[in-house]
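Subject: Structure for you to look over

Hi,

Here is the structure I promised. Please open it alongside this note; what I found follows below.

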Amino acid sequence: LQHAHKAVTLTQEQNALALHTLAVAHAAAGQFEEAAMVAERALEAAQVGEPSLVPHIQAALQQYRKRAN
């Protein structure tokens, strides 16, 4: 989580891949609500700058939401 947070900070929370990585790290730590929130930000960033990531982030986001409930 620490390294993923740093990557997000260094990219000014604008890089979809860094945000997605942070979401994955939260999920791996069992923090699914936080993972979903970060994945939503990653999805927004991907739609603007990295559309090829959109399907991957959407699929992950669905899983995080299921696990958070």
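Buried here means under 20% relative accessible area, exposed means over 50%, and partly exposed is in between (1.4 Å probe, protein chains only). By that rule, 38% of the 69 residues of the protein chain are buried.

Two notes on the source. This is a predicted model: local features need pLDDT of at least 70, side-chain atom pairs count only at pLDDT 80 or more, and totals for chains, interfaces and linings use all residues. Residues are numbered from 1 along each chain as its sequence is written, and side-chain values use heavy atoms, with hydrogens and water left out.

The fold: the protein chain has four helices and zero strands. Helices are DSSP runs of H or I with at least four residues, strands are E runs of at least two, and numbering starts at the N terminus. The radius of gyration is 11 Å, close to the 11 Å from the globule rule for 69 residues, so the chain is as compact as a globular protein of that length. That radius is taken over C-alpha atoms; the rule is 2.2 Å times the number of residues to the power 0.38. The C-alpha atoms fill a box of roughly 30 × 25 × 15 Å along the principal axes.

Contacts: a contact means heavy atoms within 4.5 Å. Of those with a separation of 6 or more, 49% join residues 24 or more positions apart.

His20 counts as buried, at 16% relative accessibility. Leaving out residues up to four places away in sequence, His20 touches Ala42, His56, Ile57 and Ala60.

Best wishes
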